[in-house]
Amino acid sequence: MSRGCGDLGILLGLNIESLTNRKEEIDAAIRLYKLLKATLDLNLAEQELN
C-alpha cells in the first residue's frame with residue numbers, strides 16, 4: 001500500500017453531506033468509513049511488525 005494518512009500524521013475523516021435523509025446512504029457512508037479505517041489500521045499494524 002502506498003503512503004497513507006497515518007504516515008503523514010493526517011486524521012482519517014469523511015465529511016458526508018446529503019440532500020436526502022435516505023437511511024441506505026447514511027449506512028453506506030458509515031460502512032465506507034469503517035472499511036477505510038480498518039484498511040489504515042491494518043497497514044499501520046503491518047508496518048509496526050516490519
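Lys37 has a relative accessibility of 34%, which makes this residue partly exposed; the class covers values between buried, under 20% relative accessible area, and exposed, over 50%, with a 1.4 Å probe and protein chains only.

First, the conditions. This is a predicted model, where local features need pLDDT of at least 70 and side-chain atom pairs count only at pLDDT 80 or more, while totals for chains, interfaces and linings use all residues. Residues are numbered from 1 along each chain as its sequence is written, and side-chain values use heavy atoms, with hydrogens and water left out.

Back to Lys37. What does Lys37 form with Asp41? A salt bridge, with the closest N and O atoms 2.7 Å apart. By salt bridge I mean a side-chain nitrogen of Lys or Arg within 4 Å of a carboxyl oxygen of Asp or Glu. Asp41 is partly exposed too, at 37% relative accessible area. Helices here are DSSP runs of H or I, at least four residues, and strands are runs of E, at least two, numbered from the N terminus.

Now to another pair in that helix. Lys23 and Asp27 join their side chains in a salt bridge at 2.8 Å, N to O. Helix H2 spans residues 23–49, and Lys23 and Asp27 are about one helical turn apart because they sit four residues from each other in it. Lys23 is exposed, at 55% relative accessibility, whereas Asp27 is partly exposed, with 26% relative accessible area.

Next, Arg22. The side chain of Arg22 meets that of Glu24 in a salt bridge of 3.8 Å, N to O. Arg22 is partly exposed at 44% relative accessible area, and Glu24 is exposed at 52% relative accessibility. How many salt bridges are there in the whole structure? The search finds four.

Last, the chain as a whole. The protein chain has two helices and zero strands. Of its 50 residues, 8% are buried. The chain exposes about 4500 Å², and carbon and sulfur atoms supply 58% of that area; accessible areas come from the Shrake-Rupley method with a 1.4 Å probe, and for residues only the protein chains shown count as cover.

That is what I have on this model.
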